[in-house]
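Here are my notes after a first pass through the model, jotted down as numbered points. Have it open while you read.

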Amino acid sequence: MSAGEHDEHAADLAAIRRAYREAGFDDEPPPEVDAAVRAAAEHAVHRRYRQYLPPLALAATVVVALGLLLRIAALGPERPEPETQPELAPRALEPPAAPAATRIMAPAVDDTASMRAEEAFVTGGAASAPAVGDGPPEPDAAPPFCATPRPLAPDAWLACIAAALDAGSIDAARDELAAFEAAYPGYAVPSALTERLGPGAGRVRAAC
Amino acid sequence: MDVPADQDLMLRFRDGHTAAFGELYDRHRGPLYRYFARQTTRASVDDLFQETWMRVIRAKDDYRPDPSFRAYLYRIAHNVLVDHYRREGHASLPQASDDIDPIDPAIGPDGQYERAELRAAFAAALERLPAEQREAFLLHEEAGLTLEQIAAVVGAGRETVKSRLRYAVARLRETLGARYRAMEELR
């Protein structure tokens, strides 16, 4: 395009643009279209925030539920015994099951000489070590056989009581069963467990 | 007082401020409506106009600052128009309105008549243009886009758009004919 043609085009464009403006095309969207568009914009903004409401509600529910569970756990039927903790400290070096396991394991040794040695340990060590007949540390002030904090879940607790029986800690198993029944009155204890504890053990027995 | 730029309003709308959208809408509703009004039937204008804004609203969360929101808007409008043409085929353009305009005291009844005549003539002249040339003219005149921006909107080269615009002007001048010459004589 030559310079002259360019100028002519520019002049034509300017004139046509003037004519277009003077024609006064004043088309505008009708009010209902305006309203629909504006409403759609409002809806889009509010929808963006509404989509977060269900997850927020769920999160709030979980937080409240967790708070309640923690509070219930802290207020469980058996509180930990902070006063006895210093007493327990020395015994912590010797897990409760260990002496019992030792005592239980001793009779299993076939060697006669070893058995006599073990018996000596059991009878002769009474002065220096906790022994069976010497007011074992478990009763009364003894730490519970099963884990704290309480209450444990029923299945876990019963399994622990069975483990105490397996370890020969009959008294501990009885104590734990008593604590279990206090925490879960009416819970059906498996008869296999109560039978091992002897007559009278377990107030509620499972049907099987 | 600084007037917020279009893209700033769009970003604020993206961030949840519907008032920002309202201002953006007020700025562009007229030209965008006339862009469609000059290229399709009266029955379709409202739908195409509304569809364009719906697409803008739906895409707001993905909006990224654009050097020209105007070009962004008309790119969407162009796509809406193309989709319409594909569905309906090129439809006849609206005839010049027979509505009687209210008398404008600034120009009087004679001026009112002249204006109505000019509008009808211009509408008819636009209708006779090929679609690409008509769109190039409207994007230049109604949307106020540069040649580069028009090229980006329609997906063509700058020189192609420049040619379309030049041919559109030439044909409008030829079609308007005597009226155009009369207008120029009055200058």
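1. Start with Arg27(B): in this predicted model, Arg27(B) is partly exposed, at 29% relative accessible area. Its salt-bridge partner is Asp6(B), with 2.6 Å between the closest N and O atoms. Asp6(B) sits in helix 1 (residues 6–14) and Arg27(B) in helix 2, so this pair ties together parts of chain B that are 21 residues apart in sequence. Asp6(B) itself comes out at a relative accessible area of 14%; the cut-off for buried is under 20%, so Asp6(B) counts as buried.

2. Now for helix 2 of chain B as a whole. It covers residues 18–37, and at 1.5 Å a residue its 20 residues should span 28 Å; the end C-alpha atoms are 27 Å apart, which agrees. Still, have a look at Arg29(B), where there is a kink of about 45°, shortly before the proline Pro31(B).

3. How many residues of helix 2 of chain B are buried? The count is 15 of the 20, so the rest of the structure largely encloses this helix. For chain B overall, buried residues account for 47% of the 187.

4. Another pair worth a click is Arg58(B) and Glu51(B), whose closest N and O atoms are 3.2 Å apart. Here Arg58(B) is exposed, with 58% relative accessible area, whereas Glu51(B) is partly exposed at 27%. The two also belong to a salt-bridge network that links Glu51(B), Arg55(B), Arg58(B), Asp83(B) and Arg86(B).

5. Some of that numbering makes sense on a helix. An α-helix has 3.6 residues a turn, so residues three or four places apart point the same way.

6. Finally, the overall picture of chain B. What does its secondary structure consist of? Nine helices and zero strands, giving α-α-α-α-α-α-α-α-α along the sequence. If you take the contacts between residues at least 6 apart in sequence, 65% join residues at least 24 apart. The accessible surface of the chain is about 9400 Å², and carbon and sulfur atoms contribute 48% of that.

Notes:
Residues numbered from 1 in each chain as written. Chains lettered and ligands numbered in written order. Predicted model: local features only at pLDDT ≥ 70, side-chain atom pairs only at ≥ 80, totals over all residues. Heavy atoms only, no water. Helix = DSSP H or I, 4+ residues; strand = E, 2+ residues; numbered from the N terminus. Expected span 1.5 Å × (residues − 1). Bend = angle between axes of the 7 residues up to and from the residue. Buried < 20%, exposed > 50% of the residue type's maximum accessible area, 1.4 Å probe, protein only. Contact = heavy atoms within 4.5 Å. Areas by Shrake-Rupley, 256 points an atom, 1.4 Å probe, with all protein chains shown as cover. Salt bridge = Lys/Arg side-chain N within 4 Å of Asp/Glu carboxyl O.
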